[in-house]
Amino acid sequence: MDETLLSLGMVRGDLGYYYANEKALKQKTPCLFRLVNINTYNPWHSEIKSEKLELGLRIRNIYKCMEYLQSCPDSVKRIFIDKSDSGCQRRKDGTCKHGVSYEMDGQIYWRCACCDPAIRFQQPKIEDIPHYIKLVELGTKK
């Protein structure tokens, strides 16, 4: 994923954030992708398990992606329906401007995007990289 994003002219910033270009990085605009290794913690055995890769996609308008999603493999569709989160404090008081709300298959989902890209998932698949890139391209703008 790193190699692919860099080959597209994107710039890698600190903490695994990827920006469209150097200007976007310097102006601290929202990143387009975030790629990080995370550890999983097993509270029952007090041990850290192996690292997992987490990918974040900056998609602000999922409805612009819906038509394209129909042609995607199930592994890509699943990242949009596997979870919903309760959001941040701003969502609770009605002032959140960064979260993403959408409906798929009659279910409403909410993804907080105040600190990270709204769409985050573990273990991205190499064969799905072109789909991830296309989805960000389609849904970046509100």
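A: We begin with burial: a residue counts as buried under 20% relative accessible area, as exposed over 50%, and as partly exposed in between. Keep in mind that this is a predicted model.

Q: By that scale, is phenylalanine 121 buried or exposed?

A: Phenylalanine 121 has a relative accessibility of 10%, so it counts as buried. Tyrosine 132, at 2%, is therefore buried as well.

Q: How is a pair of aromatic rings described?

A: Two quantities are used, the distance of the centres and the angle of the planes. In this structure the search finds 3 aromatic pairs. One of them joins phenylalanine 80 and tyrosine 102, with 6.4 Å centre to centre and 80° between the planes, an edge-to-face arrangement. This pair links distant parts of the chain, with phenylalanine 80 in helix H4 (residues 74-81) and tyrosine 102 in strand E5 (residues 100-104), 22 residues apart. Both phenylalanine 80 and tyrosine 102 are buried.

Q: What is the geometry of the pair of phenylalanine 121 and tyrosine 132?

A: The pair is tilted, with 5.2 Å centre to centre and 55° between the planes. Phenylalanine 121 belongs to strand E7 (residues 119-122) and tyrosine 132 to helix H6 (residues 129-139), so the pair ties together parts 11 residues apart in sequence.

Q: Which residues form an aromatic cluster?

A: Phe80, Tyr102 and Tyr109 form one aromatic cluster.

Q: Which residues touch the most other members of the largest nonpolar core?

A: They are Phe33, Leu57, Ile59, Phe80, Ile119 and Tyr132, in a core of 31 residues. Two or more residues come from each of strand E3 (33-42), strand E4 (47-57), helix H3 (66-69), H4, E5, E7 and H6. H6 gives the most to this core, with 5 residues.

Q: What is tyrosine 132 in contact with, leaving aside its neighbours within four places in sequence?

A: Tyrosine 132 is in contact with Met1, Phe33, Leu55, Leu57, Val76, Ile79, Phe121, Pro124 and Lys125. Phe121 in this list is the ring partner in the tilted pair.

Q: And where is lysine 77 found?

A: Lysine 77 is in helix H4. Apart from neighbours within four places in sequence, lysine 77 is in contact with Leu69, Gln70 and Cys72. From lysine 77 to methionine 66 the C-alpha to C-alpha distance is 9.7 Å, and the two are 11 residues apart in sequence.

Q: What shows where empty space is left?

A: Rolling a probe the size of a water molecule over the atoms shows this. Here the largest pocket has a volume of about 320 Å³. Its lining has 17 residues, and Tyr19, Lys28, Thr29, Pro30 and Cys31 lie nearest its centre. By type, the lining of the largest pocket divides into 9 nonpolar, 3 polar and 5 charged residues.

Q: What volume does the second largest pocket have?

A: The second largest pocket holds about 200 Å³ of space. It is lined by 14 residues, and the closest to its centre are Arg78, Ile79, Asp82, Phe121 and Gln122. H4 and E7 each supply at least two residues of this lining. The lining of the second largest pocket has 4 nonpolar, 3 polar and 7 charged residues.

Q: How many cavities of 30 Å³ or more does the search find?

A: The search finds 1, and the largest cavity holds about 30 Å³ of space. The residues lining it are Arg34, Val36, Glu54, Leu55, Gly56, Asp116 and Arg120. E3 and E4 are the elements that give two or more residues to this lining, and E4 gives the most, with 3 residues. By type, the lining of the largest cavity has 2 nonpolar, 1 polar and 4 charged residues.

Conventions. Residues numbered from 1 in each chain as written. Predicted model: local features only at pLDDT ≥ 70, side-chain atom pairs only at ≥ 80, totals over all residues. Heavy atoms only, no water. Phe/Tyr/Trp six-rings, centres within 6.5 Å; stacked < 30°, edge-to-face > 60°. Helix = DSSP H or I, 4+ residues; strand = E, 2+ residues; numbered from the N terminus. Buried < 20%, exposed > 50% of the residue type's maximum accessible area, 1.4 Å probe, protein only. 1 Å grid on protein atoms, 1.4 Å probe; cavity = no way out; pocket = protein on both sides within 12 Å on 5 of 7 lines; lining within 4 Å. Points joined across faces, edges and corners; volume = space filled by probe spheres on them. Nonpolar A, V, L, I, M, F, W, Y, C, P; charged D, E, K, R; others polar. Core = buried A, V, L, I, M, F, W, Y, C linked by side-chain atoms within 4.5 Å. Contact = heavy atoms within 4.5 Å.
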